[in-house]
Each structure stands twice: as C-alpha cells, then as structure tokens.
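The following paragraphs lead the reader through a protein chain, from one residue in a turn to the overall fold and back to individual residues. Please keep the sequence and the structure in view while reading.

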Amino acid sequence: MAAPPPLPAPPPPQPSGGIVAPLPVVAPHFCAPYVVQLNVQEQFGLREGDFLITDTNGAVVVTVKGAFISIHNRRVLFDACGNPLLCMKEKVISMHNRWEVYRGDSTKSSDLLFTVKKSSIIQPFKTEMYIYLASNTSHEVCDFKMNGSFNERACSFYLGNTNTLIAQMHRQHTAASLVLGTDHYSLTVFPNVDYVFISALVVILQELHTDKND
C-alpha cells in the first residue's frame with residue numbers, strides 16, 4: 001500500500017477555529033494539526049468543472065476534472081499523484097440541487113460518503129448548504145453546514161448546526177481570473193478538519209451557482 005501524500009506546508013499563523021479532535025471524512029491523513037491555506041482556481045478550457053487546488057508554496061494538493069458529456073453533472077477529485085479520491089455527482093431530479101459524493105471514482109451506494117444540498121429552494125440573498133454524512137440517513141440534523149454570500153464569494157463552513165467554524169472561503173482577484181472570467185478562491189481550513197472534504201464542498205458550491213439548469 002502506497003504511503004499517504006505529504007500534508008501541505010504549514011502557513012503563517014491564522015485566526016483561531018476548528019475542532020479539538022480530528023474529524024476525517026475522506027481520510028485521516030487529510031486532517032492536518034495546523035491551519036491549511038489553499039488556493040482554489042477554476043481552470044479555463046473546453047471541459048466545465050475543472051479546478052486546480054494548490055498550497056501556499058504552489059504545490060498541487062488536488063485537482064478536479066469534469067466531463068465533456070455527462071447525463072449527470074459529474075466531477076472527480078484526484079490527489080497530486082492522479083489517484084481518484086472523490087466522485088461528485090448531481091442528482092438530476094432534486095428540489096434542493098442535491099449532490100452525492102462517493103469514495104474514489106465509484107458511484108455505488110456502498111461508497112457514498114456524504115450528501116450536499118441547499119437548505120431551501122430559493123435563496124435570493126444568501127447561500128446556505130447542509131451536508132449529511134452517509135451514516136446520517138434521517139437527515140434531520142446536518143453534520144456540517146455552509147452559509148454566506150456566493151455573489152460576494154465569501155462563505156464559512158461550520159460543524160453541524162452550530163457556530164463552530166471549521167473553514168472559510170474568500171474570492172481572490174487575479175490577472176488570469178479577470179481576463180478569462182474564471183474564479184480564484186482563498187480557502188482557510190482550520191486544524192483537524194479534512195481539507196479534501198472542504199475542497200470538495202467549494203467545488204460543489206461553485207457548481208450550484210453555475211449550473212445552467214439551476
């Protein structure tokens with residue numbers, strides 16, 4: 001079995017947040033004991049849904065690839081070595097723009113890790129998403145949530161239905177994003193939080209607001 005990839009380099013001290021004990025969603029080695037600062041950049045090309053996610057040193061942490069033609073809006077997230085970590089698939093018939101995320105490149109129900117959906121159908125002034133782990137079949141209380149303003153590209157992620165902050169996202173304005181019309185985000189993931197899981201949520205958030213069928 002191959003050794004897990006190294007953690008992203010620790011950045012300078014960041015605002016406090018996160019949780020005391022690691023809470024892995026994708027894998028334990030993606031829960032760093034320090035703040036992880038990532039850059040999420042939408043890639044310009046023929047294929048929609050491509051993203052490049054790097055650390056503060058510019059090293060690739062994960063990449064996201066879309067599909068040229070797909071009945072389902074489908075994205076696959078890979079590690080730096082090109083191994084598939086997550087498969088993200090939008091439910092075609094869903095009142096709340098629901099996405100299901102599976103382990104690896106699978107879409108089997110046994111490999112389901114978590115589900116993401118909007119808290120309500122109409123969200124004119126704010127964006128709010130609820131995230132449910134696969135073990136949470138009742139969906140009565142969310143395991144994680146995200147709220148903020150996607151129009152301003154400023155969102156926060158929380159543990160369950162609480163005010164415990166686990167990550168924050170802000171838009172960055174770069175020369176490439178202005179010329180190509182793509183989005184570039186700064187993502188702060190607090191200690192002991194699965195940064196691959198949070199990266200997937202950012203991609204889904206972007207897709208929810210660029211989906212032509214939304």
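**From a turn to the barrel**

Gly160 counts as buried, with a relative accessibility of 10%; the model in which this value was computed is a predicted one. The residue is found in the loop that links strand 10 and strand 11. These two strands form a hairpin with 5 residues between them, and in its turn Gly160 adopts a positive phi of about 55°. Leaving out residues up to four places away in sequence, Gly160 touches Cys142, Asp143, Phe144 and Lys145.

The hairpin may now be followed along its strands. Strand 10 comprises residues 154-159, and strand 11 comprises residues 165-171. The two run antiparallel and are joined by 5 bridges. Within this pairing, Cys155 stands opposite Met169 of strand 11. Strand 10 also pairs with strand 9, again in the antiparallel sense, over 6 bridges.

To what arrangement do the strands belong? They form a closed barrel of 12 strands, in the order 1-2-3-4-5-6-7-8-9-10-11-12, with antiparallel pairing. On average, neighbouring strands of this sheet are turned by 20° against each other, direction being ignored. The chain as a whole has 12 strands and 2 helices. Read from the N terminus, its elements run β-β-β-β-β-β-β-β-β-β-β-α-β-α.

Some totals describe the chain in general terms. It has 214 residues, of which 47% count as buried. Its accessible surface comes to about 10,800 Å², and carbon and sulfur atoms account for 55% of that area. Of the contacts between residues at least 6 apart in sequence, 40% join residues at least 24 apart.

The discussion now turns to the nonpolar residues. In soluble globular proteins, nonpolar side chains tend to be buried together. In this model, the largest nonpolar core has 47 residues, and those with the most contacts inside it are Phe114, Phe157 and Ile198. Helix 2 gives the most to this core, with 11 residues. Helix 2 spans residues 195-210. The surroundings of Phe157 can be examined in detail. When its neighbours within four places in sequence are set aside, Phe157 is in contact with residues including Met146, Leu165, Ile166, Ala167 and Met169. Its contacts also include Leu187, Ile198, Leu201 and Val202.

Val26 is located in the segment before strand 1, which covers residues 36-42. Val26 is buried, with a relative accessible area of 8%. Apart from neighbours within four places in sequence, its contacts are Leu86, Arg103, Leu113, Asp194, Val196 and Phe197. Val26 and Arg103 are 77 residues apart along the chain, yet their C-alpha atoms are separated by 7.5 Å.

Charged residues provide a further point of interest. How many salt bridges does the structure hold? It holds 1 salt bridge, formed by Glu100 and Arg98, whose closest N and O atoms are 3.6 Å apart. Are the two partners buried or exposed? Glu100 is buried, because its relative accessible area of 11% falls under the 20% limit for that class. Arg98 counts as partly exposed, at 26% relative accessibility.

His139 has a phi near 55°, a positive value in a residue other than glycine. His139 is placed in the loop between strand 8 (127-133) and strand 9 (144-149), and with a relative accessible area of 25% it is partly exposed. Asn192 is not a glycine either, but has a positive phi of about 70°. Asn192 lies in the loop between strand 12 (184-189) and helix 2, and its relative accessible area of 11% makes it a buried residue.

Definitions and conventions
Residues numbered from 1 in each chain as written. Predicted model: local features only at pLDDT ≥ 70, side-chain atom pairs only at ≥ 80, totals over all residues. Heavy atoms only, no water. Helix = DSSP H or I, 4+ residues; strand = E, 2+ residues; numbered from the N terminus. Buried < 20%, exposed > 50% of the residue type's maximum accessible area, 1.4 Å probe, protein only. Contact = heavy atoms within 4.5 Å. Areas by Shrake-Rupley, 256 points an atom, 1.4 Å probe, with all protein chains shown as cover. Core = buried A, V, L, I, M, F, W, Y, C linked by side-chain atoms within 4.5 Å. Salt bridge = Lys/Arg side-chain N within 4 Å of Asp/Glu carboxyl O. Pairing = 2+ DSSP bridges. Axes fitted to C-alpha atoms, helices over the stretch in contact; angles between N-to-C directions.
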